[in-house]
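Student: Please help me learn to read a structure like the one on my screen. I would like to go feature by feature.

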Amino acid sequence: MLDIKFIRENKDLVNEGAKKKHIKFDATDLIKADDKRKELLTEIEKMRAEQNEVSFRLPQLKEAGQKAELIGQMKILKEKLQAEEEKLKEVMKEWQLLMLQVPNIPDISVPDGDTDEANKEVKTWGEIPKFDFTPKDHIEIMERLDLADFETGTKVSGFRGYFLKNEGAELEFAIMQLTVDLFREKHPEYSFMIVPSLVKRETLMGTGYLPQAEEEIYKTQDADYLSGTAEVPSMSYYADKTLKKEELPKKMLVFSPCFRREAGSYSKDTKGLMRVHEFYKLEQIILCEASHEVSVKHHEELLLNAEELIQSLKLPYHVVVNCGADLGLGQVKKYDIEIWVPSQNKYRETHSCSYFHDFQTRRLNIRYKDADGKMKFTHSLNNTAVAMPRILIQLLENNQLADGSVKIPEVLRKYMGGKEYIGK
RNA sequence: GGAGGGGUGCUAGAGCGGUUGAAUAGGUCAGUCUUGAAAACUGAAAGGCUCGCAAGGGUCUCGGGAGUUCGAAUCUCCCCCCCUCCGCCA
């Protein structure tokens, strides 16, 4: 959500931003609705002022006749007031609906473009491995080495179901532990959090996932929902709270199971671990003071943290800046990290790093008192730390050997009992 | 699941139809006193919306929503949350 005052004063900027994001939106309707809102509000408040004034005077009146007359007048006023309030309610409904559609303005450094083709590579790291054999895909590797069972996964869990087994499961534990250790040792300012995935509807409304993504989210028979990312509960943790300036920036490493229906992607990545209905993720979240420069600084930091992890695993990757059309409603700028997948001969996304200014926190009402004594909405940012099991794809494929075995990256060995290979 | 009790400001806690944005106490901040501190004393202090160049004004907010009333923190209904007891499960 953006500030209505800002929208009024920067209508063209907002409209251009929407255009860059390829989102159909025109602030004109919203401003019209806001005019109506203000007009009604002024009228209503005038009536309320009169009501308050009379209700102060009324008990002081001695004469019964005077009293009765005044009460009669107030009855009429009350009816008028109620009618106007009813009108305002209608206007507010429209106003809120429109407010929720206003996209945040993308940063100037965001490239133009209408598909992910236009995403711009800003960095590459590591060497793309050359194999003197045809590299297998992760499904074949895992099935051969008994690291996963997709067939039984489908039988037990349904479409996109999977079991991780043996070193497949061990690898997942190891990577998570590696990530936790990395943050504990190198980034101790991050506090650890494990958050609920089962959340109330209001929580998803607050974070802006509902009503837009209704189809994408699992719902329980108690009308609760299964969150698709830790961002939802961890941001909601701070909803309606006023933080102290000294508490900022708040940095968190958050663990949660994630659930996604993948309703719109029936034909995409249907096999293996690429796109599954349930998985575990460690997510980095930052709340910081309301300054563009500070947001940008943290955005770069979040990216580097993730890169650090990938580099320690020695996986080749690149970073892209998402183009306008690839940005979500609230995002100002987004980097994706994509790690090389040999069997597909391309990079595939593993991390998504965005900042939002106060777009999320305005809706969630996360504030702090700034040095100037003013209440401000914090800025918010997030990036994946590591998402399981997707990264197993790149890990296994890039480290596969001709004999079908897999070499375990050095940093993970201590978490796997010193093992160097899987399947040797 | 059953039976009760309760949700008030930073905190504790009054108020239970009419100058209550809200007593009182504690905490916080500023000042007086002091070499410094403590104590004591004095004073300050909520947020949203809105009008205004500003000073300042209006309005809303006592868990959330709806209602009764000329007027609601106070009465009624619904929802959420917390506590106690019983049951159930581990």
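Tutor: Happy to! Keep in mind that the model is predicted.

Student: Is the peptide bond from Leu248 to Pro249 cis or trans?

Tutor: Look at omega. The Leu248 to Pro249 bond has omega near -5° and is cis. There is also a cis bond from Met388 to Pro389, with omega near -5°. Pro389 belongs to the loop between β16 (379-387) and α12 (390-398).

Student: Let me step back, then. Into which domains is chain A divided?

Tutor: Chain A has domain 1, covering 4-99, and domain 2, covering 116-422. Their C-alpha centres are 44 Å apart.

Student: How do α3 and α4 pack?

Tutor: Two packed helices are described by the angle between their axes and the distance between the axes. Here α3 (residues 27-57) meets α4 (residues 64-99) at about 155°, and the axes are 9 Å apart. Angles over 145 degrees count as roughly antiparallel, so α3 is roughly antiparallel to α4. Their crossing is left-handed. In this contact you will find 17 nonpolar residues, one polar and eleven charged.

Student: What about backbone angles: what is the phi of Lys314?

Tutor: Lys314 has a positive phi of about 60°, although it is not a glycine. You will find Lys314 in the loop between α10 (292-312) and β11 (317-321). Since 16 other C-beta atoms lie within 10 Å, Lys314 is partly exposed.

Student: And where is Asn365 found?

Tutor: Asn365 is in the loop between α11 (359-364) and β14 (367-369). Its phi is near 60°, again a positive value in a residue other than glycine. Asn365 has 13 other C-beta atoms within 10 Å, so it is partly exposed. The cut-off for exposed is 12 or fewer.

Definitions and conventions
Residues are numbered from 1 along each chain as its sequence is written. Chains are lettered from A and ligands numbered from 1 in the order in which they are written. This is a predicted model: local features need pLDDT of at least 70, side-chain atom pairs count only at pLDDT 80 or more; totals for chains, interfaces and linings use all residues. Domain bounds come from an automatic or database domain assignment. Axes are lines fitted to C-alpha atoms, for helices over the stretch in contact, and angles run from 0 to 180 degrees between N-to-C directions. Helices (H or I, at least four residues) and strands (E, at least two) are DSSP runs, numbered from the N terminus. Angles under 35 degrees count as roughly parallel, over 145 as roughly antiparallel, 65 to 115 as roughly perpendicular and the rest as oblique. A crossing is left-handed if the near helix is turned anticlockwise from the far one by less than a right angle, and right-handed if clockwise. Ala, Val, Leu, Ile, Met, Phe, Trp, Tyr, Cys and Pro count as nonpolar, Asp, Glu, Lys and Arg as charged, and the others, Gly among them, as polar. A residue is buried if 20 or more other C-beta atoms lie within 10 Å of its own, exposed if 12 or fewer, and partly exposed in between; C-beta atoms are placed from the backbone.
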